[in-house]
Amino acid sequence: MLNTMRTMAAASIIAAATLGLSAPAFADGHQMLEKIHFLIPGGAGGGWDGTARGTGEALTESGLVGSASYENMSGGGGGKAIGYLIENADSNHGTLMVNSTPIVIRSLTKVFPQSFRDLSLVAGTIGDYAAIVVSKDSEINDMAGLVAAYKADPKKVAIGGGSVPGGMDHLVAAMAMQAAGEDPTKVKYIPYDAGAKAMAGLLSGEVIALSTGFSEAVEQAKAGEVKIIGVTSDERVPAFEEAKTLKEQGLDTSFVNWRGFFAAPGLPAEKLQAYQDVITKMYDTDEWEAVRARNGWVNIHNSGDEFLTFLENQEKVIGDLMKQLGFL
Amino acid sequence: MLEGILLGLSTVFSITNIMMVIGGCLIGTFIGMLPGLGPMSIIAIMIPVAIGIGDPSAALILLAGVYYGAIFGGSTSSILINAPGVASTVATSFDGYPLARQGQAGKALTVAAIASFCGGTVGAILLLIFAPMLASVALLFHSAEYFALMVVGLSAIAAFAGSGQVGKAVMMTLLGLMLATVGEGAQYNMPRFTMGIMDLQSGLSFITLSMAMFALPEAIYLVLDPTRSNSGTGQQGQIKELRISRQEAKRIFPVIGRQSIQGFLIGVLPGAGATIASFLGYAVERNIASKEEQDQFGKGSVKGLAAPEAANNAACTGSFVPLLTLGIPGSGTTAILLGALIALNVSPGPRLMVDNPQIFWSVIISMYLGNLILLVLNLPLIPYIAKILAVPRNYLIPFILFFTLMGAYIGQNNATELLMLVGLGIGATILRFADYPLAPLLIGFILGRMLEDNFSRAMQLYDGIHFITERPMTMGLLVLAVILIVLPMYRARQARLRSAEGD
């Protein structure tokens, strides 16, 4: 996987990953579903794996769901599992597949032929904002400073990130420059194979700025090693209030790297509703709060139609930008 | 600092924490012997347990024990059945497996255990004394230097370019480099050379290729050639023999000493790590060895076994420097450890030593203790582990095949990996029949991706190739690589000329 290290750091919890244990049932009266089978489009230990197993843990331990089972199906950057779920839709009414922002990007770039429209949308559950970061010794202190340097000579402003060109980190950097009224195609984006490697690149002075996940930069920022000069959220994030959003600095753009769940196409409406209800209910449990805090996830809940609107909007924004950058 | 060490000692030497170290080492060693489960997956499995403990020191001590145990266990499958399950133990199999084949499995495991112990211990001592100072070393290398470092690592193939084999070794390396380009790279957002096959999208997996190149052809050879299996040939007594002669000890200790330090320094670099350290260790030791010792490399040299084992363990310890002082994980394993630390409300980074000194010091002390306990636990077990090879071949071969196939399947749960494994394994067996060395292919594959990524990053940053002349350290490393490759060839030529004159 492209962001293996990043996702592993973000989601370190792999409950008995390869042993394939299913969680015990604590049916104490408010059980809403008997069982859920989680389909994970990547290998054990990745971000998708952590999300599915963490969600399953919270649902079963809180007693909302009787039992949970997990299946890792890697291949095709997630495309294999999507294809499987569509082809075997009728026998997979009990299955939830975890996925995230790359499903939008990869169906745009035609890495796999399907898109989120070919699946039943359950809910987006968690997410992370993106952040633009510079090192502590940098002369740049805010987005205005970065934009000024970019305006002077975009070739001298190397921006690193943990994803491929045309991937999330590149798009966020380009989006910010576009919002500042600059030419996004001139962004000198330097890809690293993981967020942590990109952070090392920033600290060693190889790149001027870094486009990365907010939660990945927070620890470094708290330690005073780096400065977060812009966050892609609408409001400041409680985990680190000092970091200014792009919006309040006059760059009208936002971005969420979400994770969420999908079900087989043609799923009966009442079944879909049941999944959505149980996930909505999950947010109120202490068990979810424990899992969430342990992983440093941010609750970003989009259910049903909201989820569709959110995804369509993201697809449009990303698609337009990728076209402009020449990736589509 | 003395205060810190004492604080660490008093934290570690409690009954619970010692039990943690012992438990972690045992679990790590035994699971680590399975080729498909490297330190990364084992630590991932153990994390919920560790977090359940609650006390961050105890949890980290447990995980550090698992980490060391897994690295140690990983070398066992490389030595006994030529199945390196982790990239950092590939170099271990170069000489470890030939030794085992010669009926000296016990000795090979002992050399590996001692080299690992020394590498880990020297690493822990260096970490203890220099960690805060080394933070800046970790940031010294840019992409240009990493590229040059990978080129130096590639020079390890020289060991397989014996007389008349140079062309074959180069061809195999190139093939390995080409295989590394399959799939989605970090530099392009499109898959390359996947031929539309979805399972190739993420590239070939290391474990599949490693099993296909080393373990599977070996098993096929065992089937085809009954005399290769040494069971029942009266060598059992020796298989279990652990003893290293005084002369051998004298030969390996300087190697272990050098490689512990070199390995540690390479481990400190967040973009390098244990694999590079083991290849570099192997290449350097081979090149500074005397002529007759050099010929032994790749055929069962104790030096060739001790070098990568000392280096990869020291490098693992070294990788804790950027993790603890900067909060940057240098490898997948340390990335998972970082996740565990954050989950336990510990933020690694420059503030760790100030905010949580007892964690900082107790982790380092526990590494030392973990190494010691690993040695004490494992030396008595070696005769029993080595005895696996004395199993009659009609049981041994299915056992090796089972481990090989399971190794490729277990991490990804993808049955296509098994098909690829068998297909590549048959190809590898044919290449072996034609006397092509397979190790250079695997070295090329492992280093290829990092080589390409760092090269193209450096090209992008400098808008061209002139970074080689502009950065003195890059130039220096590249010159070193040329020397490492050319020198043995030159020496071999000189030797040939001299012997020709002698005739």
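Analyst: Let's start with a cut-off: a residue is buried if 20 or more other C-beta atoms lie within 10 Å of its own, and exposed if 12 or fewer do. Keep in mind that this is a predicted model.

You'll find B:Asp463 in the loop between helix 22 and helix 23 (467-470) of chain B. Its backbone is worth a glance too: the phi of B:Asp463 is positive, near 55°, and the residue is not a glycine. Most residues other than glycine have a negative phi.

B:Asn82 belongs to the loop between helix 4 (56-81) and helix 5 (90-101) of chain B. With 26 C-beta neighbours inside 10 Å, though, B:Asn82 counts as buried.

Now step back to chain B as a whole. It has 24 helices and 0 strands. Its radius of gyration is 22 Å, close to the 23 Å that the globule rule gives for 503 residues, so chain B is as compact as a globular protein of that length. Along the principal axes, the C-alpha trace of chain B spans about 70 × 60 × 55 Å. Buried residues account for 59% of the 503 in chain B. If you take the contacts in chain B between residues at least 6 apart in sequence, 80% of them join residues at least 24 apart.

One helix pair shows such packing in detail. The axes of helix 2 (residues 15-32) and helix 18 (residues 357-378) of chain B come within 9 Å and cross at roughly 60°. That is why helix 2 and helix 18 of chain B are oblique to each other, and the crossing is right-handed. On the helix 2 side of chain B, the contact is made by B:Val21, B:Ile22, B:Cys25, B:Leu26 and B:Thr29. Helix 18 of chain B answers with residues including B:Ser366, B:Leu369, B:Gly370 and B:Ile373. By class, this contact has 8 nonpolar, 4 polar and no charged residues.

What about the partner? 49 residues of chain B are in contact with 51 residues of chain A. The elements of chain B that give two or more residues to this side are helix 3 (39-53), helix 16 (332-343) and helix 22 (439-462). Helix 16 of chain B gives the most, with 8 residues. The side of chain B that touches chain A divides into 25 nonpolar, 19 polar and 5 charged residues.

As for chain A itself, its secondary structure comes to 11 helices and 10 strands. The radius of gyration of chain A is 20 Å, close to the 20 Å from the globule rule for 328 residues, so chain A is as compact as a globular protein of that length. Of those 328 residues, 57% count as buried.

A last stop in chain A is helix 7 (residues 195-203): 9 of its 9 residues are buried, so this helix is largely enclosed by the rest of the structure. Among the buried residues of helix 7 of chain A are A:Lys197, A:Met199 and A:Leu202. Helix 7 of chain A is followed by A:Gly205, whose phi is positive, near 85°.

Methods. Residues numbered from 1 in each chain as written. Chains lettered and ligands numbered in written order. Predicted model: local features only at pLDDT ≥ 70, side-chain atom pairs only at ≥ 80, totals over all residues. Contact = placed C-beta atoms within 7 Å. Helix = DSSP H or I, 4+ residues; strand = E, 2+ residues; numbered from the N terminus. Nonpolar A, V, L, I, M, F, W, Y, C, P; charged D, E, K, R; others polar. Axes fitted to C-alpha atoms, helices over the stretch in contact; angles between N-to-C directions. Parallel < 35°, antiparallel > 145°, perpendicular 65-115°, else oblique. Left-handed = near helix turned anticlockwise from the far one by under 90°. Rg over C-alpha atoms; globule rule 2.2 N^0.38 Å.
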